[in-house]
Every structure is written in structure tokens, then in C-alpha cells.
Amino acid sequence: MIDEHFVVDAHVHTPRLPTLKPAWLDWARDFAGDYPWRTVYDADGTVIPAALDDLMAREGVDRVLLFCEYSPRATGIQAIEDNLPLVEYNPERFRLVANVNPHLHHPLVDEVERQLALGAVALKIHPVHGAFSPADKELYPVYALCAERGVPVILHSGLSVFPGSRASYGDPSLLSDVVEDFPSVNFVFAHGGRGWWYDVAAFMAQSRPNVWLDLAGLPPKKLPEYYARFDLVRLARKWIFGTDWPGVPGTAVNVRAVADLGLPAEVLDGVLSGNALRLMPGLR
């Protein structure tokens with residue numbers, strides 16, 4: 001806990017470093033600054049479960065969603081199997097998030113089912129790094145499976161700094177039909193429409209009960225600026241805290257920066273953990 005708040009970091013990357021493109025390492029170095037994320041890796045670039053667990057405990061993080069990602073054109077391969085040792089080491093703190101890429105996995109549903117069987121509590125789709133539309137009909141059976149299983153879908157929304165990305169697929173409005181076609185699926189727009197789509201993402205979150213925004217990669221003190229056209233308290237009821245670890249100055253630093261926004265206590269509790277716990281029962 002941080003300052004008596006139960007905390008879920010709903011957006012964390014812990015890949016094996018040899019599987020990544022150099023741009024990923026540059027991103028982590030530039031955005032983390034002095035944050036000691038490299039201390040949790042061994043000399044071969046593999047996460048040491050005890051070291052990461054200890055760091056998250058010192059940061060006050062109670063639950064961690066571990067992302068994998070299959071995006072060879074942008075960041076590389078972050079296999080879900082590489083996260084299994086972390087869950088095995090501390091199954092209370094760590095949870096898996098699945099990921100599929102229609103250019104790599106076929107049939108998509110089979111791969112999603114395989115990763116859910118490993119224990120994933122959510123599915124991440126990365127259209128920008130994978131260069132595909134999140135509204136492609138090939139993904140509809142995946143969304144149907146998530147509806148059947150009660151699994152939320154996290155989607156990258158907004159821009160990306162990585163070479164090979166296709167920003168046009170980060171437009172949240174591409175999901176306008178999907179969120180209506182699958183009203184029982186909770187869709188989480190990661191990065192909250194970062195770039196020039198903040199208004200689109202926020203409007204969809206306020207107008208659709210099954211659309212949420214995660215705060216990963218967004219400096220909390222700038223949130224009032226990014227969402228200046230919206231009632232911040234009302235919008236914050238649809239926020240989910242995440243850091244985009246390791247590209248962050250520190251989880252506790254970001255939690256306290258969110259707390260400094262002056263949100264009502266019940267809204268702040270929802271942002272820091274309550275909303276994620278409601279959307280992902282596997283976190284409890």
C-alpha cells in the first residue's frame with residue numbers, strides 16, 4: 001500500500017531484454033531516468049523474480065498486471081512465458097495479461113484461449129505496434145470469447161515513439177462500433193488517447209459504460225491539461241492507474257501525483273485499485 005491506499009499497477013512491462021529491439025531499451029532509459037529498474041535484471045537480461053517482487057513491495061504496489069507483447073516490427077517479442085516465473089514466485093502480487101497479433105497468431109481465438117489457460121486476467125491488443133485495425137472482423141471472435149469469459153480488453157490508444165509503429169491505428173474512434181457490438185466487454189484505452197485523441201477517448205469513456213481509460217505513460221500533473229474540456233472528477237471515475245513500467249520515474253511517485261489532483265476519496269480509491277478490481281475479478 002502507498003499512504004494507506006491499496007494500489008494496482010495495471011500496466012507493467014517486464015520482458016527479457018535480449019528479445020527486444022534497441023528502441024525499447026532507449027525508451028526505458030530515457031523515460032525512467034534514475035529509476036533503478038535495471039537492478040531487477042540479471043546479467044543475461046532476465047528479470048529476477050525476487051528482485052522485482054522486492055522493488056514492487058518497497059514501492060507499495062499490491063497488484064501488478066504483467067504485459068506481454070508480440071510486436072516484432074516495433075518493439076520485439078515479449079513472450080507471455082517469460083512472465084510465468086514472476087507469477088510463480090508471488091501469485092498474490094503478479095498477474096498475467098495476454099496479447100495476440102493477427103499477423104502472427106492464427107487462429108487468434110486458439111492463442112487467446114492458450115494464454116488465458118496460463119492464468120491471464122485480461123487481454124491486451126496493440127494495433128499501433130502490430131499495424132492492424134482493432135476493428136478488423138478477424139478480431140471479432142476474440143472479442144466474443146472475452147465476452148463469454150468476462151475478460152476485459154486493453155487496447156493501446158494514441159501515439160507511440162517506436163519505429164515501425166502505425167499511429168493511425170491508435171485512434172480510439174476505430175473502436176466505436178466494437179464497443180457497441182460487444183456491450184458486455186470492458187474496453188480499457190491504454191494511455192488515454194495519448195497525443196491528439198485525448199478528447200475522443202474521454203468522450204467515449206463518459207458516454208459508454210464499457211469504456212475505461214488507463215493512465216499509463218501520462219504524467220499525472222498534466223491530466224487536467226490533457227482533459228481540460230471535461231469535468232475531471234466525473235472523468236476520473238473511469239480511470240485505471242498504470243505506469244507503463246519501467247518507463248516511469250517511480251510507481252509511488254505517480255500514485256502521490258494522482259493523489260495531489262484533489263479527487264474525492266472514493267474516486268481516488270477507484271482510480272488506484274477499485275476500478276481495476278471490478279473489471280478484472282482475477283485480481284482479487
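I began with R208, which counts as partly exposed at 32% relative accessibility. The model I am working from is predicted.

I looked up the partner of R208 and found E180, the two side chains meeting in a salt bridge at 2.6 Å, N to O. I placed R208 in the loop between α8 (198-207) and β9 (211-214) and E180 in helix α7 (residues 176-181), so the pair ties together parts that are 28 residues apart in sequence. E180 is also partly exposed, at 46% relative accessibility.

I then searched the whole structure for salt bridges and got 11.

Next I checked E113. It forms a salt bridge with R149, with the closest N and O atoms 3.5 Å apart. This pair links distant parts of the chain: E113 sits in helix α4 (residues 108-117) and R149 in helix α6 (residues 140-149), 36 residues apart. For accessibility I noted 32% for E113, partly exposed, and a relative accessible area of 43% for R149, partly exposed.

Last, I turned to helix α1 (residues 22-32). There R29 and D26 are three residues apart, which means that about one helical turn separates them. I recorded a salt bridge between R29 and D26, the closest N and O atoms being 3.2 Å apart. D26, at 33%, counts as partly exposed.

I also asked which residues are joined with R29 into one network by salt bridges that share partners.

Terms used:
Residues are numbered from 1 along each chain as its sequence is written. This is a predicted model: local features need pLDDT of at least 70, side-chain atom pairs count only at pLDDT 80 or more; totals for chains, interfaces and linings use all residues. Side-chain values use heavy atoms; hydrogens and water are left out. A salt bridge is a side-chain nitrogen of Lys or Arg within 4 Å of a carboxyl oxygen of Asp or Glu. Helices (H or I, at least four residues) and strands (E, at least two) are DSSP runs, numbered from the N terminus. Buried means under 20% relative accessible area, exposed over 50%, partly exposed in between (1.4 Å probe, protein chains only).
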